[in-house]
Protein chains: 2
Amino acid sequence: MRKQKIQIKEVGPRDGLQNEDEIIETADKIEWIDRLSNTGLTYIEITSFVHPKWIPQLSDAREVAKAIKRYQGITYAALVPNMKGLDTALEANIDEVSVFMSASESHNQANINKSIIDTFPILEEVVQGAIQGGKTARGYISTAFGCPYEGEVPVEQVFRICDKLLEMGVREVSLGDTIGAASPNQIEDFLELALKRYKSTDLALHFHDTRGMALANVLAALDYGIETFDAALGGLGGCPYAPGASGNAATEDLVQMLNQMNINTGIDIQKLLQAGVFMRDKLQKNLPSHMLAAYTAQINEN
Amino acid sequence: MRKQKIQIKEVGPRDGLQNEDEIIETADKIEWIDRLSNTGLTYIEITSFVHPKWIPQLSDAREVAKAIKRYQGITYAALVPNMKGLDTALEANIDEVSVFMSASESHNQANINKSIIDTFPILEEVVQGAIQGGKTARGYISTAFGCPYEGEVPVEQVFRICDKLLEMGVREVSLGDTIGAASPNQIEDFLELALKRYKSTDLALHFHDTRGMALANVLAALDYGIETFDAALGGLGGCPYAPGASGNAATEDLVQMLNQMNINTGIDIQKLLQAGVFMRDKLQKNLPSHMLAAYTAQINEN
């Protein structure tokens, strides 16, 4: 059942940096993304076109999108919350537009300030606009495996939103374990049902490592034939509901596991680690990534 | 194939502390172990009866062993390298004696200062002595899934040592991924062969989280019916070959995953986390455990 080739979608520049207090200079973001483009990654979510008031760290979305080098074979994506964001994203020539909402009502309300039902038309407009602009769209569902306010989220609720997003025309739905609450059997139970309803290529999984289970969850999902995973270099991202906890699944930890499993990612782990060191130096703190810590230890030994 | 009940063997007081530079006071070790005894753990490796010159941190082995509270249903084990150590261990009334060697020649040489062939008679003497003293014995095989000097270690080499240890009379062999190099497919390939040769209850797995794969490796092993895993509270232990890297699989991360998978460990995660906070405060540094970081973040929020 395990696929021999996996695509990793790098979300560090967006999902990673948006949770960092230390503001990274625009030039450093650009250099970092250019370095990421040279690792073999085929998908990089580079920023978010949200109002700067929401995420000051990403207020330079337009400059970043315009200044990075673009390589053939790499999709440069960005988060877009509404039509205003879409205009800027299209003008900055983003390849893929990601819309987002939550599976749980209270998280959606807290994050987007709207009910789930009122969020659909806004996302639909953005997805349609992106497609009309010659771009593709991706849908994120946050809190798909647990909500910081509501706890467990019914699978049917996730499916309902997934249906809607696919109907709108997104080419893939990324199911986010926003608070890192999922366990391998939860992923198995979910996919057992989900794959009766969706093609495996309709779904990507987006794990956070809050409880250290991200790679175990990936392993469970691999056994169900899932072939797309989001990750953030360095394990950036933290958890807004548990400051100090681990962030996204670390790209380099995931690549290392897949490499050892003889599953092709096309990514050069050494270049990835070097790009990780670059951003860690800018953030001036240790990052949650295991491979980065081990790599640094070895460098210091030699 | 997954068992519904798993035994976790807590090795923090030995494998965890032996790698810590900060010397913990004897009274604090005793209090920590007493706290561990109240978490529901049924097996605690409390210390090592090696020469204090080798591991100054554990030079109080005898005092610790004599002063801790002993509870029915808990096995209090200790590492014993030779007959001198065994005498002290028996006098201190250790329940189970753990002998150790490496699967790779060069690591065995570096760690024990003997060839593999010359190590067998020493271990056999200790195992026999332990059994004659009315105790049980356990065997550790270090570098079972990779060696810092030799890289890959042939499976046949691991089996050869495993055979010898079981012949000597150990009731279980703990296979150590000393440098945290194993990946899930390596564990699967290993167990595919190993379980043709050994009963699943002959084997325990001892993972380190250097590359962040410890829980994924546990998941792979669970699918093969393995039911005993070593872990260290807080993820203590580090990696002597990569200072700053993650240590042992963190007991609380493992318990959390198993709890969520409805696999019974008998361990109270809250008490475990409280015992983790206790030792972290003594060591005065952040530990690699994910659950401990998330737990602390939540405490600070509330």
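Predicted model: local features only at pLDDT ≥ 70, side-chain atom pairs only at ≥ 80, totals over all residues.

Reply: Start with the polar contacts. Ten residue pairs are in polar contact across the interface of chain B and chain A, with both partners at pLDDT 80 or more.

Which helices of chain B each supply at least two residues of the side that touches chain A? They are α8 (184-197), α9 (214-222), α10 (251-260) and α12 (290-301). The most comes from α12(B), which gives six residues to that side of chain B. Sorted by type, the side of chain B that touches chain A holds 17 nonpolar, eleven polar and six charged residues.

Next, the salt bridges across the interface of chain B and chain A. The rule finds two of them. A:R2 and B:E188 form a salt bridge, and their closest N and O atoms are 2.6 Å apart.

Now the extent of the interface. Chain B brings 34 residues to the contact, and chain A brings 34 residues. Accessible area lost when parts come together is often the figure quoted for an interface. Here about 2,600 Å² is buried between chain B and chain A. Carbon and sulfur atoms give 59% of that. Which three residues of chain B supply more of its buried area than any other three? B:R211, B:Q260 and B:H290 do, with 22% of the area that chain B buries against chain A.

Over all chains, the structure holds 34 salt bridges. Take the pair A:E172 and A:K9. They form a salt bridge, with the closest N and O atoms 2.9 Å apart. A:K9 belongs to strand β1 (residues 7-10) of chain A, and A:E172 to the loop between α7 (155-168) and β6 (173-176), so this pair ties together parts that are 163 residues apart in sequence. Are the two residues buried or exposed? Both A:E172 and A:K9 are buried.

Stay with A:K9. Its relative accessible area is 3%, hence the label buried. Its side chain also makes a polar contact with the side chain of A:E172, at 2.9 Å. Beyond its neighbours within four places in sequence, A:K9 is in contact with A:Y43, A:E96, A:R138, A:E172, A:T228, A:F229, A:D230 and A:A231. Some of these names return in a network of salt bridges, which links A:K9, A:R138, A:E172 and A:D230.

Turn to chain B. The side chains of B:R138 and B:D230 meet in a salt bridge, 2.7 Å from N to O. Here strand β5 (residues 136-142) of chain B holds B:R138 and strand β8 (residues 228-231) holds B:D230, so the pair ties together parts that are 92 residues apart in sequence. B:R138 and B:D230 are both buried.

B:D202 and B:K199 also form a salt bridge, with the closest N and O atoms 3.7 Å apart. How do its two ends sit? B:D202 is buried, at 13% relative accessible area. B:K199 is exposed, at 54%.

The cysteines come next. A disulfide is a covalent bond between two cysteine sulfur atoms. How many disulfides does the structure hold over all chains? The count is zero. B:C147 is in no disulfide, and its nearest cysteine sulfur, that of B:C239, is 11 Å away. B:C147 counts as buried at 4% relative accessibility, and B:C239 counts as buried at 6%.

One last stop, in chain A. A:A61 sits in helix α3 (residues 61-67). A:A61 has 4% relative accessibility, so this residue counts as buried. Leaving out residues up to four places away in sequence, A:A61 touches A:T47, A:S48 and A:F49.

Notes: Residues numbered from 1 in each chain as written. Chains lettered and ligands numbered in written order. Heavy atoms only, no water. Contact = heavy atoms within 4.5 Å. Buried area = accessible area lost by both parts, 1.4 Å probe. Salt bridge = Lys/Arg side-chain N within 4 Å of Asp/Glu carboxyl O. Polar contact = N/O pair within 3.5 Å; in protein donor to acceptor, adjacent residues only side chain to side chain. Helix = DSSP H or I, 4+ residues; strand = E, 2+ residues; numbered from the N terminus. Nonpolar A, V, L, I, M, F, W, Y, C, P; charged D, E, K, R; others polar. Disulfide = S-S within 2.5 Å. Buried < 20%, exposed > 50% of the residue type's maximum accessible area, 1.4 Å probe, protein only.
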